[in-house]
Amino acid sequence: MKSIDGQKFAEMVQMGAHHLKQNADYVDSLNVFPVPDGDTGTNMNLSMTSGAKETAANSSGHLGRTSQALSKGLLMGARGNSGVILSQLFRGFGKAVEDKETLTAGEFAAALKYGVETAYKAVMKPVEGTILTVAREAAQQAVETAAESDDLIQVMEATVAEAKQSLKRTPDLLPVLKEVGVVDSGGQGLVYVYEGFLASLKGEELPERTVVQSMDELVSAEHHRSVQGFMDTADIQYGYCTEFMVRFEEDKTKDHPFDETQFRQQLSELGDSLLVISDEEIAKVHIHTEDPGDALSYGQTFGSLINIKIENMRQQHMDIVGSPASGNAGKEPAAKHPYAIVTVAMGSGIAELLRSIGASYVIEGGQTMNPSTEDIVKAIREVGAERVLILPNNKNIILAAEQAAELAGIEAAVVPTKTVPEGLAAILAFNPEAQVSANAKTMTAAAASVKTGQVTTAVRDTTIDNVSIHKDDYMAIADGKITIATPSLETTMKALIGELITEDDEIVTIIYGEDVSEKEAEEMAAYIEGQSSNVEIELYSGRQPLYPYILSVE
């Protein structure tokens, strides 16, 4: 096969997405830490599925346009670090081929390499032995093979073969992988995508699904919570979800040429959640607005309108949550706030605590369901502020938050908090009079001054940093490092306290989870007082799942 067009590439994307979906549970099982939030497979699957849906809805014989659809879908659906990196790989790929109707073996290999370069630039501190390494080495092999062969199948075969070999080498680059005895989970996910590509090119069935040895080692489905914001129907500022397409007409564009940038700018004044995609013949528009007629009238100045869809979002929200819609009709749009803090948390008590100290919007999620780039963008738009600071409170959400900040359309910055205690400290350092950049710097410093302790249960047997861990053990995690694992919650918690609290510390905050009673939490607070009489103890019911205790020490 000498070349592929957009339709064939769309088929490859569908096969890659399906193969990844079939093996997502296996990818989840490869996560190094045996905590019940090992969801690389889930994140990559949701990200790739979003890309595949957008590709299917917008596929074209023109390869460049099909690849742009994949890039857009992946970008908006990206979840977790591996999902974001996957989106960047194909964002760069799409940029390299945007003008190409078909793709040769050499061009395909070059696009893979450009995608890798794009992904490396997107990561502040690239770590080898991860999906980045697998992507880089596979792309390099693709380039070398393409220099000797113009057969796309041969190039893809070499790419898959090298991706698998690179994956096998990841434990040699990341000692923790070798210690646990697994390969990199994100790299494995990418191998599944590439295997799907190859099967599509060869017209063969997908490779067999990899079966997880013990399903008990996986997180149960009940732990996966929906990612959704907290809002009332009355809070919806722009009530009509409006979608339409403009088919350009020469008699209208001759003296009034269509310019996508100007078109987008004009529509942006009518609402938010604006997306505009155009080619030489059609512009597709999605916007949330109070005045659908104005948006349609403006679009009509460039041609005829087709595929018009207008939905009342207030009515939809009322139907979902059961809240009355009376009083919403004709409601004046909410005034924009000068500043907002958007953050992420799991547990209604933690969400309440974050809001009580200044968070404007709390996205539910974190440990078992990382919010996507699009979830965070929607939260930013719904909060209606002129400037926003984003606190991920989870290291696996930072990259998605950074992408959301770039797409927000307003002044935005990420404070890279990795835990809820860091998020609490950062919010308390917020200064409403300071600039976004100054606040981000101050809040990041405040987050770094806090020590975080967590207790959770192990989902499988393993050994990490010479700590022997058995399934269902309670593990103490001090600032990201597992320090002890025992069958007893009380024993593990007391060991964590001894690890974290020193004579120089002044404040200890205990956030207890949904499976811990108030009495048990108070007994633990009393134990701390007995060990460190000079510290002040604050006790909160976070009602978080999976983590019986979260400690903040400062």
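A residue is called buried here when its relative accessible area is under 20%, exposed when that area is over 50%, and partly exposed in between. With that cut-off in hand, and bearing in mind that this is a predicted model, we can turn to helix H13, which spans residues 292–300 and in which Pro292, Ala295, Leu296, Tyr298 and Gly299 are buried. Because these buried residues fall within an arc of 160 degrees when H13 is viewed down its axis, they line one face of the helix.

Sorted by class, the residues that line the second largest cavity comprise 4 nonpolar, 2 polar and 1 charged.

From the helix we move on to a sheet. Four strands form an open sheet in the order S8-S7-S9-S10, and their pairing is parallel. At its edges lie strand S8 (361–364) and strand S10 (411–414), each of which pairs on one side only. From one strand to the next, the twist averages 20 degrees. Within this sheet, strand S7, made up of residues 340–345, is joined to S8 by 4 bridges in the parallel sense, and Val342 has Tyr361 of S8 as its bridge partner.

Most residues other than glycine have a negative phi. Asp479, by contrast, has a positive phi, near 50 degrees, although the residue is not a glycine. Asp479 sits in the loop that runs between strand S14 (474–478) and strand S15 (481–486), and it counts as partly exposed because its relative accessibility is 48%, a value that does not pass the 50% cut-off for exposed residues.

Arg543 likewise has a positive phi in a residue other than glycine, in this case near 55 degrees.

Conventions:
Residues are numbered from 1 along each chain as its sequence is written. This is a predicted model: local features need pLDDT of at least 70, side-chain atom pairs count only at pLDDT 80 or more; totals for chains, interfaces and linings use all residues. Side-chain values use heavy atoms; hydrogens and water are left out. Helices (H or I, at least four residues) and strands (E, at least two) are DSSP runs, numbered from the N terminus. Buried means under 20% relative accessible area, exposed over 50%, partly exposed in between (1.4 Å probe, protein chains only). Ala, Val, Leu, Ile, Met, Phe, Trp, Tyr, Cys and Pro count as nonpolar, Asp, Glu, Lys and Arg as charged, and the others, Gly among them, as polar. The arc is that of the directions from the helix axis to the C-beta atoms. Two strands pair if DSSP finds at least two bridges between them. Axes are lines fitted to C-alpha atoms, for helices over the stretch in contact, and angles run from 0 to 180 degrees between N-to-C directions.
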